[in-house]
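I opened this notebook to keep track of what I looked up. The structure comes next, and my entries follow it.

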Amino acid sequence: MRIPFLDLGAAYRELKPEIDAAVSRVLESGWYILGPEVEAFEAEWASYCEARHAVGLGNGLDALILALRALNIGAGDEVIVPSNTYIATWLAISAVGAAPVPVEPDPATYNIDPARIADAITDKTRAILPVHLYGQPADLDPILELARKHNLRVVEDAAQAHGARYKGKRIGGHGDVVCWSFYPGKNLGALGDGGAITTNDSALAGRIALLRNYGSREKYVNEEPGVNSRLDPIQAAVLRAKLPYLDEWTNRRRALVEAYAEGLRGTDLILPHVPGWADPVWHLYVVRSKARDALQSQLSDAGIGTLIHYPIPPHMQKAYADAGCNSEDFPLAQSLADEMLSLPIGPQLSAESAQEVIKGVRDGG
Ligand SMILES: *Cc1c(COP(=O)(O)O)cnc(C)c1O
């Protein structure tokens, strides 16, 4: 591909001196599990997210699983989840033995539609798990309001939303627990797996810190059956090197989005809609087309890489075959899966490349 969907090597090269220094600092320190580098990142990440606590974890899926476990959600419980999301959101609910209860998105924003949540609440419902999909904040106020009314917890999947704001306040401290992934392709990405939670609840932060480390605070004293899911200090150091650049990198994404919005106006693509209260961070720039597959091959022929997020909705995956859903059960999720296409975007994508993508789209019709 002349224009790859995302060039992770370019992100490394831009910050190579800082990242190399961070990695060798850890190598030289002799401290390779948890310790000062992880603690420093946790403090910096909490502060960036306007939250009181952050706990560094092995990956984003574990962040979701441990958040649910720390809230004592498990077998027999139901958790409300978007019908259109990356499957990890559902898998976390299944991993603790609870049942995912899908709710369809707002067709304008692709995020869970708060107006449809009330109908999905039963006496087994314990939590709502909104996802800030593509870097666009979900409409949290009505969700928090419903949660208060029905005594439910709110766990947010913020794996695509580093730095996004809802009504001016950073994602990270609205719900009970906010879950992060630092998978390399995320807006703040490590050079391997990484994850975290943020929360304003010190008891929950403490419980998750315990669970990630064998349920142990003191070596060889185990308070509960935990797991091993600790943020690696080398990855913590890499994330600390990148964090000061995150806002600038988000601004570059915003500039590309402006170019796309301008250049693609008047085509038959449906472009992303941003509600007035949202400051999205454009993890992905997703357009919608009835002729999606043809558009994708047309761009591929022009040397432009695109991806589909996501081609099969969770309820249609073999992993959820036992739920016995069919493609008519969640028609909005299904039509998004059929029509969405993610155009190249990233802090190292040049303005010229964005113009080539626009031309590649327009050349087809
Ligand atoms: C990436 C992602 C996850 C999972 O994060 P990992 O670190 O890959 O486990 C969960 N939810 C969403 C929406 C994601 O995009």
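This is a predicted model: local features need pLDDT of at least 70, side-chain atom pairs count only at pLDDT 80 or more; totals for chains, interfaces and linings use all residues.

Entry 1, Tyr32. I looked up Tyr32 and found that it is partly exposed because its relative accessibility is 46%; buried means under 20% relative accessible area, exposed over 50%, and partly exposed in between, with a 1.4 Å probe and protein chains only. Tyr32 sits in the loop between helix 2 (16-29) and helix 3 (36-48). Helices (H or I, at least four residues) and strands (E, at least two) are DSSP runs, numbered from the N terminus. With Leu27 and Ile33, Tyr32 makes a nonpolar surface patch of about 310 Å². Patches take residues with over 30% relative accessible area and no salt bridge, joining like charges within 9 Å and nonpolar side chains (Val, Leu, Ile, Met, Phe, Trp, Tyr) within 5 Å. The areas come from the Shrake-Rupley method with a 1.4 Å probe, and for residues only the protein chains shown count as cover.

Residues are numbered from 1 along each chain as its sequence is written, and side-chain values use heavy atoms, with hydrogens and water left out.

I asked which residues lie nearest the centre of the largest pocket. They are Tyr86, Tyr183, Lys186, His283 and Tyr310, from a lining of 31 residues. On a 1 Å grid over the protein atoms alone, a pocket is an open set of points with protein on both sides within 12 Å along at least five of seven lines, and lining residues have an atom within 4 Å of a point. The volume of the largest pocket is about 660 Å³. I sorted its lining by class and got 17 nonpolar, 10 polar and 4 charged residues. Here Ala, Val, Leu, Ile, Met, Phe, Trp, Tyr, Cys and Pro count as nonpolar, Asp, Glu, Lys and Arg as charged, and the others, Gly among them, as polar. Helix 5 gives the largest share of this lining, 4 residues.

I found a cis peptide bond from His309 to Tyr310, with omega near 10°. Tyr310 belongs to the loop between helix 11 (292-301) and helix 12 (331-339). Asn72 is not a glycine, yet its phi is positive, near 60°. Asn72 is in the loop between helix 4 and strand 2 (78-82), and counts as exposed because its relative accessible area is 52%.

I then looked for its charged partner: Glu50 forms a salt bridge with Arg165, the closest N and O atoms being 3.3 Å apart. This pair links distant parts of the chain, 115 residues apart, with Glu50 in the loop between helix 3 and strand 1 and Arg165 in strand 6 (residues 165-166). A salt bridge is a side-chain nitrogen of Lys or Arg within 4 Å of a carboxyl oxygen of Asp or Glu.

I count 23 salt bridges in the structure. Lys16 pairs with Asp20, their closest N and O atoms 2.7 Å apart. Both lie in helix 2, 4 residues apart, about one turn of the helix. Glu248 and Arg252 form another salt bridge, with closest N and O atoms 2.7 Å apart.

Terms used:
On a 1 Å grid over the protein atoms alone, a cavity is a set of points where a 1.4 Å probe fits but cannot get out, and a pocket is an open set with protein on both sides within 12 Å along at least five of seven lines; lining residues have an atom within 4 Å of a point. Grid points are joined across faces, edges and corners, and a volume is the space filled by probe spheres set on the points.
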